[in-house]
Amino acid sequence: MNTKKRPLFKMQHSSIDKTWHAWFLKLPRNAKRSIMVLSDVVMLNVALWSAFALRFSEWWPERYLTDAWTLFVLTPIAGVAIFIKLGLYLAVVRFMSVRLLSSVASGVALLIVADFLYVWLTGVFLPRSIPLIFGLAAWLYVGGSRLLVRSYYHWLIIKNQSVIKVLIYGAGSAGSQLVHSLNQGEEYRVKGFIDDDASIVGSSLAG
């Protein structure tokens with residue numbers, strides 16, 4: 001029996017070695033966190049612009065954007081500070097679960113409150129619906145970008161090493177926990193469930 005441990009991520013002898021994918025994966029953790037911060041700054045500003053565009057049904061509502069230009073400076077700063085406080089930049093993206101969306105939602109909710117307070121204190125004209133639309137857009141953009149990076153990482157894993165495809169017997173709570181655990185690793189990929197309960201045949205569990 002061969003007990004030699006397989007490497008978690010095998011890059012050698014792969015065509016991906018000569019692409020930017022390898023460069024990205026080999027970046028130090030601090031560099032990846034800096035990229036994440038920069039991404040959040042961009043996403044928060046895009047979310048704020050989306051809120052104005054959707055509220056006024058214009059691609060570029062210049063008059064309203066000019067009046068609220070300070071929000072495009074202060075909102076990303078406040079957002080990054082809140083996310084740091086919540087520890088969003090400490091999490092390893094490839095191991096993130098859908099629960100991260102709740103953490104992002106908490107940070108965005110605090111950011112909405114901060115925007116309301118700023119508008120109230122400064123008297124900047126801003127329809128009350130703007131922070132709410134912004135909150136939804138920011139939650140989708142910031143949370144979605146993290147899930148996208150996680151999916152990209154796992155796609156690279158599957159692309160560059162032989163993954164063992166497995167079926168799980170039992171589609172109950174234990175099976176659900178098992179599929180989550182296996183999908184966090186790089187060696188196995190769950191393709192489906194087997195269960196003797198005919199009433200759940202054809203249902204979907206954990207994707």
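Over which residues does pLDDT stay under 50? The answer is residues 1-18. This is a predicted model, and its protein chain averages a pLDDT of 79. The chain holds 7 helices and 2 strands. Of its 207 residues, 37% are buried.

**Confidence**

- In the protein chain, 78% of the residues score a pLDDT of at least 70.
- Helix 4, residues 69-86, has the highest confidence, with a mean of 92.
- Helix 1, residues 20-25, has the lowest, with a mean of 63.
- Residues 1-18 stay under 50, and for them the model has 24 contacts beyond four places in sequence.

**Overall build**

- Read along the sequence, the pattern is α-α-α-α-α-α-β-α-β.

**Surface and burial**

- The accessible surface of the protein chain comes to about 13,100 Å².
- Carbon and sulfur atoms account for 64% of that surface.
- Buried residues make up 37% of the chain.

**A residue to look at: S57**

- Find S57 in the loop between helix 2 (29-56) and helix 3 (62-67).
- S57 is not a glycine, yet its phi is positive, at about 55°.
- Is S57 buried or exposed? S57 is exposed, because its relative accessible area is 67% and the cut-off for exposed is over 50%.

**The cavity**

- Rolling a probe the size of a water molecule over the atoms shows where empty space is left.
- How many cavities of 30 Å³ or more are there? The count comes to 1.
- The largest cavity has about 30 Å³ of space.
- Which residues line the largest cavity? They are L48, L71, D115, L126, I130, P131 and F134.
- Helix 6, residues 129-160, gives the most to this lining, with 3 residues.
- By type, the lining of the largest cavity has 6 nonpolar residues, 1 charged residue and no polar ones.

Notes. Residues numbered from 1 in each chain as written. Predicted model: local features only at pLDDT ≥ 70, side-chain atom pairs only at ≥ 80, totals over all residues. Heavy atoms only, no water. pLDDT = per-residue confidence, 0-100. Helix = DSSP H or I, 4+ residues; strand = E, 2+ residues; numbered from the N terminus. Contact = heavy atoms within 4.5 Å. Buried < 20%, exposed > 50% of the residue type's maximum accessible area, 1.4 Å probe, protein only. Areas by Shrake-Rupley, 256 points an atom, 1.4 Å probe, with all protein chains shown as cover. 1 Å grid on protein atoms, 1.4 Å probe; cavity = no way out; pocket = protein on both sides within 12 Å on 5 of 7 lines; lining within 4 Å. Points joined across faces, edges and corners; volume = space filled by probe spheres on them. Nonpolar A, V, L, I, M, F, W, Y, C, P; charged D, E, K, R; others polar.
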